[in-house]
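Welcome! Please keep the view open beside the text and look up each residue as it comes along.

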Amino acid sequence: MAAISGITSHLSFTVLRKLLSLPSMLTTHFVRSTSSQPDLQAIRDELEKFQGGSVDLEMDDQSGIAIMMLNNPKRLNSLTGKMMVDMANHITALEKWSLGKGLVLVGASGNFCSGGDLTFVRKALHYGEEMAAFQHDTLTRLLNLPLVSVALLQGHTLGGGAELSTACDFRVMSSSARLGFVQIKMGLTTGWGATTRLVHLFGRQKALGLLTSAKVFSAEEAEKEGLVDHVLSYALQPEEELSVCKNWLASNYCGYDADLTQAVKSSVVHCDLSGDLIESLRNERRVFGQFWGGSAQRVALEAKIKHK
Ligand SMILES: C[C@@H](C(=O)O)C(=O)SCCNC(=O)CCNC(=O)[C@H](O)C(C)(C)COP(=O)(O)OP(=O)(O)OC[C@H]1O[C@@H](n2cnc3c(N)ncnc32)[C@H](O)[C@@H]1OP(=O)(O)O
């Protein structure tokens with residue numbers, strides 16, 4: 001019996017780590033503390049009842065770049081339950097987008113996201129761990145999409161909004177925007193997975209500092225701290241900033257075939273999730289074999305490209 005339970009806990013350990021892309025020591029704790037998997041469908045049905053706002057998706061097959069817009073502008077694009085479900089649905093669509101290369105996550109009317117919608121938060125005080133489980137699944141899938149993603153931080157990016165930004169590959173910030181992990185000031189720790197992602201992104205000490213200080217950073221400070229990858233110039237209007245951000249993504253990281261871009265991102269994710277170099281190299285070799293001798297390589301060889 002011990003052998004079977006050992007295998008079962010190992011399997012759930014592996015499955016869980018892949019699902020939540022948690023570092024192994026955290027997964028062990030998670031498996032120990034909750035034996036059952038959250039029923040995401042039941043949570044989805046419950047969250048859907050908390051109406052307000054929407055998350056809208058535009059997929060451009062031509063450019064291969066999608067725009068996902070948080071649309072609750074009167075409440076600074078803070079997220080209701082319904083918006084969480086919208087986002088999860090769009091990420092499922094993006095996971096299947098064969099022509100996809102990139103994704104811009106943006107808020108409507110020149111503001112990114114002011115966290116959880118406080119009206120929703122007040123009504124859902126009984127439902128925290130379930131909401132967290134749903135958001136962990138959604139934001140892990142967002143981070144692991146086979147696309148290059150960038151969050152455009154305009155206006156306020158606070159609390160859960162700051163957490164959303166850590167579930168993208170890159171962060172571009174408007175020069176007048178502000179970014180802060182304010183959860184501790186709200187009597188909370190992070191509900192949408194940012195603690196795990198911040199440690200993974202910036203290391204323990206920086207993550208601890210961000211979360212215990214609740215500091216709200218200007219764009220200049222955020223760039224200096226390495227929290228964002230690019231700050232837009234002062235001269236731009238909010239709607240211009242979206243176009244500039246899309247071009248920044250396209251010209252820097254989405255200039256090549258969709259299948260190659262997706263293969264590179266998927267290999268990076270595989271290595272990140274597996275935490276096993278041999279397994280990652282095995283996957284990398286398999287992916288390499290898919291392209292070696294293929295049409296893209298033959299065209300490139302014919303072109304006698306000079307990489308100046
Ligand atoms: C889930 C959890 C987590 O971290 O995991 C969370 O995210 S907790 C949520 C963490 N976020 C927060 O605590 C943000 C609280 N809000 C603020 O600090 C402030 O609103 C700022 C974001 C600094 C903006 O201040 P400013 O004076 O410029 O504008 P304002 O306060 O008049 O806000 C404009 C309108 O947006 C609304 N508004 C702003 N943030 C909101 C939120 N999170 N939920 C619901 N409504 C919100 C305001 O009530 C106001 O609507 P009315 O004019 O109709 O009143």
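Of the 18 residues around the ligand, the ones that come nearest are S114, G116, L118, G160 and Q183; a residue is counted as near if one of its heavy atoms lies within 4 Å of the molecule. This is a predicted model, in which local features need pLDDT of at least 70 and side-chain atom pairs count only at pLDDT 80 or more, while totals for chains, interfaces and linings use all residues. Residues are numbered from 1 along each chain as its sequence is written, and side-chain values use heavy atoms, with hydrogens and water left out.

Two elements, β5 (156–158) and α7 (160–165), each supply at least two residues of the shell around the ligand. Helices (H or I, at least four residues) and strands (E, at least two) are DSSP runs, numbered from the N terminus.

| Residue and its atom | Ligand atom | Distance |
|---|---|---|
| K74, polar backbone atom | oxygen | 3.3 Å |
| S78, N or O atom in the side chain | nitrogen | 3.2 Å |
| G160, backbone N or O atom | oxygen | 2.9 Å |

Taken alone, the ligand exposes 980 Å², and the protein buries 60% of that. Accessible areas come from the Shrake-Rupley method with a 1.4 Å probe, and for residues only the protein chains shown count as cover.

Now look at L76. This residue is found in the loop between β2 (65–71) and α4. L76 has a positive phi of about 50 degrees although it is not a glycine. Its relative accessible area is 36%, so L76 is partly exposed; buried means under 20%, exposed over 50%, and partly exposed in between (1.4 Å probe, protein chains only).

Helix α4 (residues 81–95) comes next on the tour. Its 15 residues reach 22 Å from the first C-alpha to the last, close to the 21 Å expected at 1.5 Å a residue; the expected span is 1.5 Å times one less than the number of residues. Eleven of the 15 residues of α4 are buried, so the rest of the structure largely encloses this helix. Among the buried residues are G81, M84, A88, I91 and L94. An α-helix has 3.6 residues a turn, so residues three or four places apart point the same way.

Buried residues in α12 include A258, T261, K265, V269 and L273. G275 follows α12 and has a positive phi, near 60 degrees.

Now for the aromatic rings. A search of the whole structure finds five aromatic pairs. Rings of Phe, Tyr and Trp (its six-membered ring) pair if their centres lie within 6.5 Å; planes under 30 degrees apart count as stacked, over 60 as edge-to-face and the rest as tilted. One of the pairs is F170 with W248, which is edge-to-face at 5.8 Å centre to centre and 80 degrees between the planes. Why does this pair tie together separate parts? F170 lies in strand β6 (residues 170–173) and W248 in helix α11 (residues 238–253), so the pair joins parts that are 78 residues apart in sequence. F170 is buried, with a relative accessible area of 19%, and W248 is buried at 14%.

The rings of F170 and Y253 have their centres 4.3 Å apart and their planes at 15 degrees, so this pair is stacked. It links strand β6 with helix α11 across 83 residues. Y253 is partly exposed, with a relative accessible area of 35%. Together, F170, W248 and Y253 form one aromatic cluster.

Last stop: D39, in the loop between α2 (24–33) and α3 (40–47). At 49% relative accessibility, D39 counts as partly exposed. Its side chain reaches the backbone nitrogen of A42 at 3.1 Å. The C-alpha atoms of D39 and F134 are separated by 8.9 Å, with the two residues 95 apart along the chain.

Key
A polar contact is a pair of N or O atoms within 3.5 Å; within protein, one must be able to donate a hydrogen and the other to accept it, and residues adjacent in sequence count only if both atoms are side-chain atoms.
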